[in-house]
Amino acid sequence: MCLGIPGRVVRMAEGYHDQVALVDVSGETRKVNIGMLDDGPVRPGEWVIIHMGFAVERTDEAGAAEALAGLRLLGRGEEP
């Protein structure tokens, strides 16, 4: 797994040929390109790992927590 930021999909963004989702990242909604995920449609509530504005892999809540813990170790995650 690459070092990335976990986020939870809120909904698909209108337009963008179904390639962009609105993703909650630590309470802030961001537009994320999901075009690299080729294993089926992305649904609200799913967790993804984001790198450079692209969702690079799907994960679950435990994987998201693990990624966030790694960022905290580096001093880059949100404060508890």
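Strands are DSSP runs of at least two residues, numbered from the N terminus. The model described here is predicted. In this numbering, His-17 lies in the loop between β1 (5-12) and β2. Its phi angle is near 55°, a positive value in a residue other than glycine. His-17 is exposed, with a relative accessible area of 75%. Asp-18 is found in the loop between β1 and β2 as well. Phi of Asp-18 is near 60°, again positive in a residue that is not glycine. Asp-18 has 56% relative accessibility and counts as exposed.

In soluble globular proteins, nonpolar side chains tend to be buried together. The largest nonpolar core of the model has 11 residues. Its members are Val-9, Ala-21, Val-23, Val-25, Val-32, Ile-34, Leu-37, Val-42, Val-48, Ile-50 and Ala-55. Two elements, β2 (20-25) and β4 (47-51), each give two or more residues to this core. The largest share, three residues, comes from β2. Contacts were also listed for one core member, Val-42. Leaving aside residues up to four places away in sequence, Val-42 touches Val-9, Met-12, Ile-34, Leu-37 and Arg-58. Of these partners, Val-9, Ile-34 and Leu-37 are themselves core residues.

Arg-58 also takes part in charged pairs. The structure holds three salt bridges. In one, the side chains of Asp-39 and Arg-58 meet at 2.7 Å, N to O. This pair links distant parts of the chain, 19 residues apart. Asp-39 sits in the loop between β3 (28-33) and β4, whereas Arg-58 belongs to strand β5 (residues 54-59). Asp-39 is exposed, with a relative accessible area of 53%. That value is over the 50% cut-off, so Asp-39 is not classed as partly exposed.

A second salt bridge joins the side chains of Glu-46 and Arg-58, at 2.8 Å from N to O. At 23% relative accessibility, Glu-46 counts as partly exposed. Salt bridges that share partners join Asp-39, Glu-46 and Arg-58 into one network.

The remaining pair is Glu-28 with Arg-30. Their closest N and O atoms are 4.0 Å apart. Glu-28 is partly exposed, with a relative accessible area of 46%. Arg-30 is partly exposed as well, at 35% relative accessibility.

Note on methods. Residues are numbered from 1 along each chain as its sequence is written. This is a predicted model: local features need pLDDT of at least 70, side-chain atom pairs count only at pLDDT 80 or more; totals for chains, interfaces and linings use all residues. Side-chain values use heavy atoms; hydrogens and water are left out. A nonpolar core is a set of buried Ala, Val, Leu, Ile, Met, Phe, Trp, Tyr and Cys residues joined through side-chain atoms within 4.5 Å. Buried means under 20% relative accessible area, exposed over 50%, partly exposed in between (1.4 Å probe, protein chains only). Helices (H or I, at least four residues) and strands (E, at least two) are DSSP runs, numbered from the N terminus. Contact means heavy atoms within 4.5 Å.
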